[in-house]
Amino acid sequence: MNRHAPEDFPFQEIQLIEDIDLISYTVVEGFLSGLHKSPFLGYSNEFASYRHYIPGDNLRHMDWKLWGRTDKFYVRQFEDDTNLECRIILDASGSMRFGEVEKFRFARIFSGALSCLMARQNDAPGISVIGMGPVRSLPCGTGFHHLESLLLLLSGPTSPPQTAFSRNLAGIGETFRRRGIVVLISDCFDTDQEIFTLMKRLRIQGHEVILFHILAREEMEFPYAGEFAMEDSESGNVHQVNATQFRKKYLKKFNQFLDEIESGCQQVGADYRRILSDAPFDKALIEYLEYRTRVR
Amino acid sequence: MNFLFLNSIFLAGLAVLAVPVVLHFFYRGRRRKLKFSTLRFFMREDPQEMRRRKVRHLLLMAIRMLLMALIVLAFTRPFANNSNSNSNEMAVNSVIVIDASASMGSGLVNGAWKEGLSLLGKRIGSLKSGSSAALIRCGSPAEIVAHWDSPAHIVKALENLEPGYGSAPIASGLESALNLINQRSASANGQANTSEIHLFSDFQDQALREISRIIMPANIQLYFHPMDQSAVGNVSINAQFDDKSLPPKARAEIKNNSEKSVATSINFTIDGKTQKSLAVELEGRDRQWFDFPIDAGQVGWHTFTARLDIEDGVDFDNAVHGSFRIPAPIRIMCVSRTITKPNYDDPLFYLHLAINSNPDDSSGVVSPFIMEFASEAILVERLKNNLAHGIDLIIFPGHKGAIPGMSQLLVKYMESGGSMIFFAGPDIWASRQNEYLGDVLPAQFGNNRTADGYRIKATHISYYDREHPVFKLFKENDSGDLGHPVFTGWNELILPPDAIIPARFDNGIPLLVYRNSGLGKSAIFNTSVDDEWSDWPKRRTFLPVIQELALFMCDRAGEVSDWSYHVDEMVALASADPAGNQPQVYTSPDNKLIEKSANSDGFVNWQFGQPGFHTVRLGGDESAVVAVNTAPSESEWNFSKPDSLENLIARNDQSLENSDKSKTRQSGKLEIWKWLLAAGILLLVAEMLLSNRFAT
C-alpha cells in the first residue's frame, strides 16, 4: 500500500484504478494539499481538561481567561476532540451493482477516501457493509493499522448481493457507543421508511447523520428506447417495458422518489448529498467538504 | 359482375403482407434484456390490462396489413367488368362501330379480324330479347351498314364486312353511333333501354386525332375491342412526283414501321416496264429516300410504280403508284423575217433561248413549246386559210408595220382560242400599229421614251402581282428579284377599261398588260425582246417569266400533270360535256365500269376506293389515268391503348331521354382503385389515432 502518492497524480485516471487504498489516499492528499481544513470538528460541548498550548492548535479553544489569570497558554480539551467517531454504513445490495460506472465501486472508493480523511485528523472511522450476506463491520478506531484494516475490508473481494439493505438497518444504531458522525452511502432503492427511521433514531441519539445518495446516470436520465425485458438487480424479476413510451412516467416517479428522500432527510435533520457515480471522486468529496465548511 | 385487374402483376405485392406477421413472431421472443437497478418505478400491469394491450397490438397489426393490402390492390387497378350488364334486367340498344381502315387489313392476314368480329357477334347475339342493334362501318366517311334491327340480323351483316383501303376517323364513327342512339331514344315510346357502343379497332393514333371532340352522355356504355397490332411488322413505301426537276422524277420514301431491321428490294417501273431495281436494308424505325428519274419522253399519259419485294403485316402500302400526263407542247409562231434558228447577236436570240430552253434533243425531255418562225405574209396566209388552228400562240417580237386586214384575221383567231403576245420595243410604229392592230391590241401605243440620264431616268419593275400565274413562282425563296433589271426605254400606253395590268415599272407605266379576246388573250410586253431597252434578257428571271406568260396565254398555267390521289379522296374531273349528255366512264383496277354525268358546275365527282390505276374517259378520245394509293398516314404504325381513350372522350351529365338513368357506369367497367385508396387513407388516419392512443 502506497501511502505516499505523488502530488501530481492524475485524478481523472483514478476512475480506472482498482486499488481503493491508493485512490483513497490520493484523494485525501489532494484534498489536504489544497489546504482544506477538515470540517469534521469535534463538536462535543463537554469540557474534559486543559493542556498546554502547542503551536498549531486551534486558537478557538484557547482559554483566554486562564491566560489572563496565569499568563500561560492553555487549550480546552473536549471529550470528543480527537476521537470523533465516523461510522460509514455502505449499501452493498443488488441495486448498487448497477451503472456503467458501478455505484458500489464508487461508494467503496468514496468510503475509503472518507476514512483516510478521518484518520489523517486522528478521528476514528468505522464501517459496516450491508448487503453481501452477514454485515461486515469494522468498529470505529484510530491508528494506521485500523485504517489499513478498513481499507482492506473495502478493497477486498465482493460477494454477490444476498440481502436487502433495509433488512439490516434496524440493528445498526445499537452498536454505536458514542455520539459521532454516521455516514450512509446508499441508493435508497431498497428502503422506504426504514432508512428514515434509522436516521431519526440516530439523530435522537445525538449523532450527526449524512446521507450520500449514490445514483447512476442511467437512473437519472433513463436513456433507453424500444422494447426491453427489464430485470430487477435486487429481486431478479423481469418486466416487459416499452422504454420509449414509459420514459416520461419513469422520470416522473423517479424524481418524486428523489424529492421524498431529500425532504425526508431534511425532516429528520440529516445532511443530504446526491452524487452520480460517474462524477470524479475528489470533486464529489471536495464539494461536500467545502459545503460543510461553509455551513459549520 | 366479375372483377378483373388492369395491372395484375402488382398482385405479387401482396406478399409484403407476410412481413409484419414474420416480424411479429420473430421479435416476440426476442426482446432485449436489460438489467436495471430497480423496477420499483415501473408500473405493474395487471393481467387484464396486459391482455387488452395484446389485443390492441394485434388490432394495429391487422389495420396495418389491411392498409398495405389496399395500397397494393389500388396499384393493380381492379375494375368490375359489367359484362353482363345487359343480361339481367332490360333490353339494350347496341351500336357496333367497326374500324375498316387499311391498317385493319393485317387482321385479314393473321385472322384477328375474323376473330374480333366473331367475338362481337357472340356478344350481340346474346343480347336480351327486345334489344336492338345497328352496324356502322367506320371509313371516310362513316357508313351505316345496317340500321336498327334485330341482333341476329346485325350478326349476319358483320360476317360480310371487310376492311377497306382508306382511313377511318374513329370520331366520325362514334358521332354516327351517337346520332343513331339519339334517334332511337327519341322514338322510344317511353321504354327505357340501356344504350351501348362497341368499338372494334386497332386504335391507330392517326385515327384518333379528332376523338377529343366527341362528348358522350354519361349513361352510354362504351366498350373498346382492340385488335392487337403489336406483333405485326410493317414496311411501307410512298412516293411524290416531282415535275419541277429536270428530268421529272419520283421521290420514294421507304419506312420500316417495326422495331426489327429488314432487307428488301424496290422495283421501279414506268408504263409497266422495269427501269430500276435496288436492294434496301433498313434498321428498326428507319427510313430512306430514293429518287427515280422519269424519262417518259412521249406526250400523253404515263404511269409509274415503285414496289417493295416484301411480305409483311399489310400489303396495301408495299407499292405506290403514280400517273402523270405530258401535255402536247404549245405551238408558237414567232413572226419574224428570220426563219432559221437565230444566233447570239440576233434580236430573237433571247426569245428563242427562253422558249426553247431544252435545245439538246438528246435529253429525252419533252419541251413544253415548239416554236416556228414565219413572216407576216405567211402568217396572214395561214390565218386566211384557217390553217392557224394548230398554232396556240403568236408572238410579235416587235415590228414596225402591220399588213392591212391582219387585224380581222387575228380577231377571228383569238375568238377561236388563239393568243397573242406583242413585244413593244423601240421599233414600234405606234400610229400604224394602233391603226391596223387596234382591235387586237390590249392597249394603244403612245410615245416611246428612252432614258437620257438626267431628265428621263431608267426604270425598274416596282410592282408585280405575286398571285398572278405569270409571277407566282417568284413567291418562293431564291427565285430571283424582278426589281433588278434596268429598263432604259418603254412605250406610253393608253389603256382601255378592261385591260389587266399584272406588272408595272416604278414610273407607273405598265410592263405587262393583257385582255381577253374571245376564247384567247392578247398581251403587250412593254419592252424590247432583246437587250436594247433593258438588260433583263440576260438575267435569270427573264426565262421563267416568258415561259409562264406563254403558258398563261394558252391557259396551260397550273395544268395538273400529276394525277395521283389517295383512297377515298374526292376528285372532281372536268367533264368534256358539261351539258351532261355524255357521261364520264370510269374503269376500276378490277375492270368494273361506272358512268357518271357532270354536275351543274361541269365537273364529275369521283371517290376511288382501292389502290391502283383507274381510268376515266374524260370525253372524246382522251382517258385520264388516275393513280390511287392508300394515305401514308395508314402506314404510321403507332397505336394507343384503349384505357387511355377513356380520358380523351369527354362525358357530360346529360342522360339520353328515355334511357335508363340508374346505370351510369362508363365503359361497362367500374374502376374501384379510387375507392381502395380512399379506404386506405381512412385506415391510415385510424391507425395513427389508435397507435397514439395505445401509447398513452
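## Getting started

Two strands count as paired if DSSP finds at least two bridges between them. Helices (H or I, at least four residues) and strands (E, at least two) are DSSP runs, numbered from the N terminus. What you have above is a predicted model, where local features need pLDDT of at least 70 and side-chain atom pairs count only at pLDDT 80 or more, while totals for chains, interfaces and linings use all residues. Residues are numbered from 1 along each chain as its sequence is written, chains are lettered from A and ligands numbered from 1 in the order in which they are written, and side-chain values use heavy atoms, with hydrogens and water left out.

## A four-strand sheet in chain B

Let's begin with an open sheet of 4 strands in chain B, in the order E13-E12-E15-E16, with antiparallel pairing. Strands E13 (273-282) and E16 (319-326) of chain B are the edges; each has a single partner strand, so one side of each has no neighbour in the sheet. From one strand to the next, the twist averages 15 degrees (axes are lines fitted to C-alpha atoms, for helices over the stretch in contact, and angles run from 0 to 180 degrees between N-to-C directions).

Now zoom in on strand E12 (residues 262-270) of chain B. E12(B) runs antiparallel to E13(B), joined by 9 bridges. One of these pairs Thr264(B) with Val280(B), and another pairs Ile270(B) with Lys273(B). The hairpin of E12(B) and E13(B) has 2 residues between the strands, and there Asp271(B) takes a positive phi near 50 degrees. E12(B) is also joined to strand E15 (residues 300-308) of chain B, antiparallel again, by 5 bridges. Here Ile270(B) has Phe304(B) as its bridge partner.

Strand E7 (residues 194-201) of chain B runs parallel to E9(B), with 7 bridges joining them; His198(B), for example, has Tyr223(B) as its partner in E9(B).

## Where the chains meet

The contact between the chains takes 32 residues from chain A and 19 residues from chain B. About 2,500 Å² is buried between them, with carbon and sulfur atoms giving 62%; buried area is the accessible area (1.4 Å probe) that two parts lose on being put together, summed over both. Strand E8 (227-232) and helix H7 (243-268) of chain A are among the elements giving two or more residues to the side of chain A that touches chain B, and H7(A) gives the most, with 7 residues.

## Salt bridges

A salt bridge is a side-chain nitrogen of Lys or Arg within 4 Å of a carboxyl oxygen of Asp or Glu. The whole structure holds 20 of these salt bridges over all chains, but the count between chain A and chain B is 0.

Note on methods:
Contact means heavy atoms within 4.5 Å.
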